[in-house]
Amino acid sequence: MATGRIHSIESFGTVDGPGIRYIAFMQGCLMRCQYCHNRDTWDLEAGKEVTVNELMSQIITYRPFLEASGGGVTASGGEAILQAEFVAELFKACKDQAIHTCLDTNGFVRKYDPVIDELLDSTDLVLLDIKQMDDPTHILLTKVSNQRTLQFAQYLATRGQKTWIRYVVVNGFTDDIESAIKLAEFIKPMTNVEKVELLPFHQLGEHKWQAYGETSPLANLSPPSEQTMLSIKQVFTDRGIQAIF
């Protein structure tokens with residue numbers, strides 16, 4: 001049985017997929033997003049080792065709440081795909097119990113080995129975070145290229161995998177109309193994309209940076225205005241794409 005390394009568990013999550021979610025925040029991430037609100041998940045070696053059976057024994061106890069709300073289990077992070085073998089096994093166990101599964105990912109897939117398809121075969125919904133369509137800006141924001149994420153988005157489309165796109169609106173990085181247009185045009189042909197979730201930047205994770213004796217690069221940045229959010233939302237709705245924030 002595969003073992004996974006998790007950062008934490010949220011047993012009654014409501015923002016990472018439909019309904020009430022049991023969320024396993026997987027440890028480890030290769031992106032270094034300037035606005036990261038889970039700074040403490042970066043370290044690949046930190047966290048706690050668990051087995052699928054250990055998690056399932058907890059998940060089953062919450063099953064009535066998950067089912068009543070149309071919820072289920074979400075693997076988030078950090079970056080869940082870095083532990084694809086473990087998450088695939090966890091999701092298979094969930095499907096055996098008829099529990100909805102959701103993969104929250106930045107799509108930074110380094111190798112398309114069979115385990116990626118095994119994971120996606122047991123995934124009911126993918127939440128794909130596309131940070132920026134402009135690669136130089138993406139690198140400035142995350143320290144890595146966006147090419148793997150965009151390739152993964154296209155792979156999900158070829159599979160017809162049900163997907164919600166997540167787009168964090170950050171002043172000075174992703175709050176401009178041109179960037180939103182590029183993203184909207186990219187996903188418009190993708191019939192598997194049900195909607196876009198526009199997430200306004202916030203400072204709620206700043207204390208996690210401070211716990212490491214650091215200050216986040218965007219510590220003094222304000223959240224985007226409601227008008228900015230409405231303008232970006234309009235870019236997608238004008239193209240027939242459902243968008244919410």
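Predicted model: local features only at pLDDT ≥ 70, side-chain atom pairs only at ≥ 80, totals over all residues.
Helix α3 spans residues 114-121, and within it Val-115, Ile-116, Leu-119 and Leu-120 are buried. These residues lie on the same side of α3, because they cover an arc of only 140° around the axis. The other side of the helix carries Pro-114 and Asp-121, which are exposed. Several elements meet the buried residues of α3: these residues pack against α2 (84-96), β5 (100-105), β6 (125-129) and α5 (147-159).

Two packed helices are described by the angle between their axes and the distance between the axes. For α3 and α5, the angle is about 60° and the axes are 13 Å apart. The two helices are therefore oblique to each other, and α3 passes α5 in a right-handed crossing. On the α3 side, the contact is made by Asp-117, Leu-120 and Asp-121, while α5 contributes Phe-152, Tyr-155, Leu-156 and Arg-159. Sorted by class, this contact has four nonpolar and three charged residues, with no polar ones.

Is Thr-228 buried or exposed? A residue counts as buried when its relative accessible area is under 20%. Thr-228 has a relative accessibility of 19% and therefore counts as buried. When residues up to four places away in sequence are not counted, Thr-228 touches Val-169 and Asp-175.

Notes. Residues numbered from 1 in each chain as written. Heavy atoms only, no water. Buried < 20%, exposed > 50% of the residue type's maximum accessible area, 1.4 Å probe, protein only. Helix = DSSP H or I, 4+ residues; strand = E, 2+ residues; numbered from the N terminus. Arc of directions from axis to C-beta. Contact = heavy atoms within 4.5 Å. Axes fitted to C-alpha atoms, helices over the stretch in contact; angles between N-to-C directions. Parallel < 35°, antiparallel > 145°, perpendicular 65-115°, else oblique. Left-handed = near helix turned anticlockwise from the far one by under 90°. Nonpolar A, V, L, I, M, F, W, Y, C, P; charged D, E, K, R; others polar.
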